[in-house]
Structure formats: structure tokens, C-alpha cells
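These are my notebook entries on one protein chain.

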Amino acid sequence: MTFCFQAIDDDANQTTQLLAGMLDWPQGTMASVVSAGDGALTITREIDGGLEDISVSLPAVISADLRLNEPRYATLPNIMKAKKKKIAKMDPASLGVDITPRLKILNVVDPPVRQAGDKVPDVSTLMEKLKEKGHL
């Protein structure tokens, strides 16, 4: 299984490690070069000190670094062709996909309305109020 390294919101790189742990499979993270041979993969990955080569047995979970693949950029003529192309509408049933809801909403409750806060003139008054309410 191959995953991207970078998510849309952060660089946590968690999916690969979590899935590899759940499946109990070896993992190769941040792969910039992958080569296969004899039921194993050799993965080159970038680390702080340069490049590191590791070997993992198959099956394995791999996350890809941006250097793993050369991106293909859309050209203007192809963009124009794509705009003119018709998109066929398909029925989920014709694809053999069951879209029956599997969850049932039993109850929806609004959270309790928050009470207005109190302004205090100084720290000592704040401490007294917190002690009165049992927060300290």
C-alpha cells in the first residue's frame, strides 16, 4: 500500500504508521526511490543526515516523498479539451453500489447554553470567585 507523505492540513505523516501498526506490516516512510526484488522492497528515504536505504519485506505500507514521482502538468490544450468533454451521469445501482444509509440518527440535542461570564477588577477577586465555585 502506498500513501502520500503530506496531508492537506499538516505534515504529521500518521496514516502510514497507524495502518502499518494495525496490519502488523513493515513500513517505509518518506520514500524517494523504491525498487523491488526477492519479496522485499529497497527504499531510499531522505533523512537529516542525507539519504538512508532500508529494506522491508512484503506486504508493506509505504509513504511517498515528493521526489518519488515526476508530476505531470496539465497543458492548456488538454485543459480546453477537458472543459468540452461531457461527463456521463451514472446511477449507483448500475455500478453495483449500495447507498442505503447504514447509520440511524436516534436523537439530536443542542448543547446547553453557556452562562454569561463575570468581569472582575483584579486577580484577588478572581481567586475568591474561583474558590467560591470550587474550581480551586
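**Entry 1**

I looked up the contacts of Leu58, where contact means heavy atoms within 4.5 Å. Leaving aside neighbours within four places in sequence, I found Gly39, Ala40 and Leu41 in contact with Leu58. Leu58 sits in the loop between β4 (50–57) and β5 (61–64). For these elements I used DSSP runs, numbered from the N terminus: helices are H or I of at least four residues, strands are E of at least two.

I then checked exposure on the following scale: buried is under 20% relative accessible area, exposed is over 50%, and partly exposed is in between, with a 1.4 Å probe and protein chains only. Leu58 counts as partly exposed because its relative accessibility is 45%. From Leu58 to Asn69, eleven residues apart along the chain, I noted a C-alpha separation of 21 Å.

The peptide bond joining Leu58 and Pro59 is cis, with omega about 0 degrees. Pro59 also belongs to the loop between β4 and β5.

**Entry 1. Basis of the values**

I note that the model is predicted: local features need pLDDT of at least 70, side-chain atom pairs count only at pLDDT 80 or more, and totals for chains, interfaces and linings use all residues. Residues are numbered from 1 along each chain as its sequence is written, and side-chain values use heavy atoms, with hydrogens and water left out.

**Entry 2. Ser57 in β4**

I moved to Ser57, which is found in strand β4. With 43% relative accessibility, Ser57 is classed as partly exposed. Beyond its neighbours within four places in sequence, Ser57 is in contact with Pro26, Gly39 and Ala40. Ser57 and Ala82 are 25 residues apart in sequence, and I recorded 41 Å between their C-alpha atoms.

**Entry 3. Ser32 in β2**

Is Ser32 buried or exposed? I found that Ser32 counts as buried, at 10% relative accessibility. Ser32 is part of strand β2 (residues 27–37). Leaving aside neighbours within four places in sequence, the residues in contact with Ser32 are Thr44, Arg45, Asp65, Arg67 and Leu68.

Which residues of helix α1 are buried? In α1 (residues 15–23) I listed Thr16, Leu19 and Ala20 as buried. Seen down the axis of α1, these buried residues fall within an arc of 100 degrees, so they line one face of the helix. The arc is taken over the directions from the helix axis to the C-beta atoms. An α-helix has 3.6 residues a turn, so residues three or four places apart point the same way. On the other side of α1, I noted Gly21 and Met22 as exposed.

I also looked up Asn13, in the loop between β1 (2–4) and α1. Asn13 counts as buried, at 10% relative accessibility. Asn13 and Ser63 are 50 residues apart along the chain, yet their C-alpha atoms are separated by 8.1 Å.

**Entry 4. Two aspartates with positive phi**

Asp24 follows α1 and lies in the loop between α1 and β2. Asp24 is not a glycine, yet its phi is positive at about 60 degrees. I recorded Asp24 as exposed, with a relative accessible area of 68%.

Asp38 is likewise not a glycine and has a positive phi, of about 55 degrees. Asp38 is placed in the loop between β2 and β3 (40–47). Its relative accessible area is 85%, and I recorded Asp38 as exposed.

**Entry 5. The whole chain**

How many helices and strands does the protein chain have? I counted three helices and five strands, in the sequence pattern β-α-β-β-β-β-α-α. The radius of gyration is 27 Å, well over the 14 Å of the globule rule for 136 residues, so the chain is more spread out than a compact globule. That radius is taken over C-alpha atoms, and the rule is 2.2 Å times the number of residues to the power 0.38. Along its principal axes, the C-alpha trace spans about 70 × 50 × 40 Å.

Buried residues make up 15% of the 136 residues. Among contacts between residues at least 6 apart in sequence, I noted that 44% join residues at least 24 apart.
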